[in-house]
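Here is a walk through a two-chain structure, from single residues to the contact between the chains. Keep the sequence and the coordinates open while you read.

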Amino acid sequence: MSWFKKLLPSKIETATGGKKGVPEGIWSKCNKCSATLYRAELERNLNVCPKCGFHERLTGRTRLAIFLDEGSHEELASDVGPIDYLKFRDTKKYKDRIAAAQKKTGEKEALIVMAGTLKQMPVVACSFDFDFIGGSMSSAVGERFVHGVHTAIERKIPFICFSSSGGARMQESVISLMQMSKTSAALARLSAAKLPYFSILLDPTTGGVSASLATLGDVIIAEPEALIGFTGPRVIEQTVREKLPEGFQRSEFLLEHGAIDMIVDRRQMRDTVGRLIAKLTHQPQPIDDQNNEIRQ
Amino acid sequence: MNMTHLDFEKPIAELEAKIDELRRVGTDTELNLIEEIDKLDAKSRELTKSIFSSLTSQQVVKMARHPLRPYALDYIERIFTDFDELHGDRHFSNGAVIVGGIARFNNQPVMVIGQQKGRTTKEKVQRNFGMPRPEDFRKALRLMQLAERFQIPIFTFIDTPGAYPGIDAEERNQSEAIARNLFEMSTLRTPIICTVIGEGSSGGALAIGVGDRVLMLQYSIYAVISPEGCASILWKSADKAEEAAEAMGVTPDRLFKLGLIDEIIPEPLGGAHRDIDAMSETLKTVLARQLKQLQSMSIDKLVEQRYQRLMAIGKR
C-alpha cells in the first residue's frame, strides 16, 4: 500500500479518504474489457474505452454537446412534455414512471432537440436519451422530432438524429405507434425539400424507432457494435427456438447486409458527418478536429 | 360442443344447439314446436345482445382473433369484382401474407391490399400466421405506387399479430421495409382508405395503415404491441394480457374517443363471422361513402390533409 500511495497525487489521496475499493467518480471500469480507467481520461476520450474501443452509452444532452460546435446550442421544443392520455397503469402508474425518469435524467422527455452548428454549418440535431424509459417514443418525442424537422425545413438546413431507443412507448399505445408515421411523414417533407437527413444509430435501436425515423436517413451511420434491429434478440430467440448467430443485429452485421452506410467511431463522428454534409450541400471542406477533447 | 366457440359465446351456442334439436324433432314428429322454437330464437337473440353489449377489452381481442373470423380475401371476394392478384416484391420473393391486386369497386378500378391469415393449419403455415416479412411490405408498396401512377384509389385491410420476428426478416431489414412504407404512404397522390378487420398489431399493421381514413370493424383491435407482448414486458408475465388489453385501450370505441380513427363499422349481432355477407355489405357501403368524400377533394388538398392528420396525433 505505501509505495503505491506515494505514486498517487495528493488530491486523489484526499478524495479517496480511507475508503476501500474503487472510488466513485474517479476510476471507472470498462463494461467490455474490464480495464480500470481513469474517469477524466475516459471522458476526454468521449467515453470510448482507450484500451478496447468499447463505446459507453452517453446521455442525449452530452451526445449533442460533444457533437455540435461549442456554445452553439439552442434547445427546441423543450416545453413539450409527456401526456398520460390513457391514464395507463401496469405494475406502476405511467405518471409515476414519467416522474421517476425525469428525476433520474433531469430531462423532461426522451428526445432532446437542438439547433446549432457543426463545423460552422447550421444544423438541427436531436438525440434520444436511453435512460428515459428506454428512449421510448411517446407523443412528446414525436412532437419534438417533427418540430426539429420543421425547423430544419424553415431554415433550409440539414437534420441529424442520434437514435437509441427500445421502440414506441407502450404506455401511450396507438398514439405512440402513430408517431412512427408522423415522424416518417415529416422526413418525407424534409426529403422533398432536398435537405439531407443523417440518421446515426446507437446502442440499442430497436422496435418502432428502428422501423421509422432511424432507418430513413439519406445516410445511415452506426457506432461500432451497436444492437440494431426491429425485433429484439430475446423475442426472436423465443420465436425461432434456436441460438442466434454470433454478432447478429450488431452494426457490423447490418453493414454486411446492406442496411447501413458505414460504421463510425464516436471520436470521428463530427469530422465524418461534417465532411459529408459539406459535400452534399456544396460547401467547402471543413477542417478536421485537432483533438477529441470533450466540448461543453 | 363446437370447438370454434369462445368461452363467452358458449351460452348462446348451447341455446342454439337446443333450437336445432327441437327443429329436428319437429320435423320427425307430429308435434308442432314452432311456437316453442320462436320463443327460444328470440331468447337466443336477447342473450346474444346482452352478452355483446358489454364485452371487455379481452373479449374483443378474442373476437378479433376468432377462429371463424372472416379474413381479407373473404371480404375482397364479396366487396370487389374482377380482382386480378399481382405478385412479388421484385427483389426477393412474393410475400405470402400480404395479398394485393387490381379490382373493381362499384365498377371503378381500385387497388386492394390485405393481410391474409390462414384458416387450416396448412394455410396458417403458408400465410406465416399473418406475420408479414419485408418482402410483403415491399410488394404492398410497389402495388401502392402502381396505383398512384394510374390514379387508382387504394383500399387496405389490416389483420396481423405483427411483423414477423425472425432471423431472415431481420437480415432483409424488416425495419426499413416498414419505415419506407410509412414514408411513402404519407405522400402518395391517390386516396387511401385503411380498415382494420381483425388484429391491428404494431408496426406490421401500421405499414399498410397510413391513409386518409382509418376505419375499424366493431370487434377489431389496434395496439402498439399485442396484449401478451405488453404484459410480458411491463408485468413480466404474459398471463396479464387481460390487464394489458384494458390499459392500452385496444378497442375501437376507446380509439375513436381519442380521435385516432374515423369510423367504427358495426358488425352483425354476435360478430362478423355470424353473417359474412351482411358484414361485407355494410363494409362496402361505408367504403363507398368514404371514397366518395375523398374523391370530391383535389389531390393536393387530400395529401395536405393526410399530412395534417398525422401531425395532429399528439400535437400540443
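**From buried residues to the interface**

Cys230(B) is buried, with a relative accessible area of 0%. The model is predicted. Another cysteine, Cys49(A), is buried as well, at 2% relative accessible area.

How many disulfides does the structure hold? Over all chains there are 0. A disulfide is a covalent bond between the sulfur atoms of two cysteines. For Cys49(A), the closest cysteine sulfur belongs to Cys30(A), 3.7 Å away. The cut-off is 2.5 Å, so that distance is too far for a bond.

Now turn to charged side chains. A search of the whole structure returns 43 salt bridges over all chains. Take Glu56(A) and Arg39(A): their closest N and O atoms are 3.5 Å apart. This pair links distant parts of the chain, 17 residues apart. Arg39(A) is in helix 3 of chain A, while Glu56(A) sits in the loop between helix 3 (39–44) and helix 4 (60–67). Glu56(A) has 14% relative accessibility, so Glu56(A) counts as buried.

Glu107(A) pairs with Arg61(A) in a salt bridge, with 2.6 Å between the closest N and O atoms. Glu107(A) lies in the loop between helix 5 (94–105) and strand 4 (111–118) of chain A, and Arg61(A) lies in helix 4, so the bridge ties together parts that are 46 residues apart in sequence. Arg61(A) is partly exposed, at 32%.

The side chains of Glu135(B) and Arg172(B) form a salt bridge, 2.9 Å from N to O. Glu135(B) is in helix 6 (residues 134–149) of chain B, and Arg172(B) is in the loop between helix 7 (167–171) and helix 8 (174–185), 37 residues apart. Glu135(B) counts as buried at 4% relative accessibility. Arg172(B) is buried too, with a relative accessible area of 19%.

Salt bridges also form a network in chain A. It links Asp69(A), Lys119(A), Arg270(A), Asp271(A) and Asp289(A).

Where is Thr251(B)? Thr251(B) lies in the loop between helix 11 (241–248) and helix 12 (252–257) of chain B. At 6% relative accessibility, Thr251(B) counts as buried. Its side chain makes a polar contact of 2.7 Å with the side chain of Asp253(B). Beyond its neighbours within four places in sequence, Thr251(B) is in contact with Ser57(B), Val60(B) and Ser220(B).

Finally, look at where the chains meet. The area buried between chain A and chain B is about 4,300 Å², and carbon and sulfur atoms give 70% of it. Met170(A), Met178(A) and Phe230(A) supply 16% of the area that chain A buries against chain B, more than any other three residues. The contact takes 55 residues from chain A and 44 residues from chain B.

Between the chains there is 1 salt bridge. Arg189(A) and Glu304(B) form a salt bridge, their closest N and O atoms 2.9 Å apart. Across the interface, 15 residue pairs are in polar contact. On the side of chain A that touches chain B, the elements giving two or more residues are helix 6 (139–155), helix 7 (173–192) and helix 9 (233–240) of chain A. Helix 7 of chain A gives the most, with 16 residues. The residues on this side of chain A divide into 30 nonpolar, 18 polar and 7 charged.

Terms used: Residues numbered from 1 in each chain as written. Chains lettered and ligands numbered in written order. Predicted model: local features only at pLDDT ≥ 70, side-chain atom pairs only at ≥ 80, totals over all residues. Heavy atoms only, no water. Salt bridge = Lys/Arg side-chain N within 4 Å of Asp/Glu carboxyl O. Helix = DSSP H or I, 4+ residues; strand = E, 2+ residues; numbered from the N terminus. Buried < 20%, exposed > 50% of the residue type's maximum accessible area, 1.4 Å probe, protein only. Polar contact = N/O pair within 3.5 Å; in protein donor to acceptor, adjacent residues only side chain to side chain. Contact = heavy atoms within 4.5 Å. Buried area = accessible area lost by both parts, 1.4 Å probe. Nonpolar A, V, L, I, M, F, W, Y, C, P; charged D, E, K, R; others polar.
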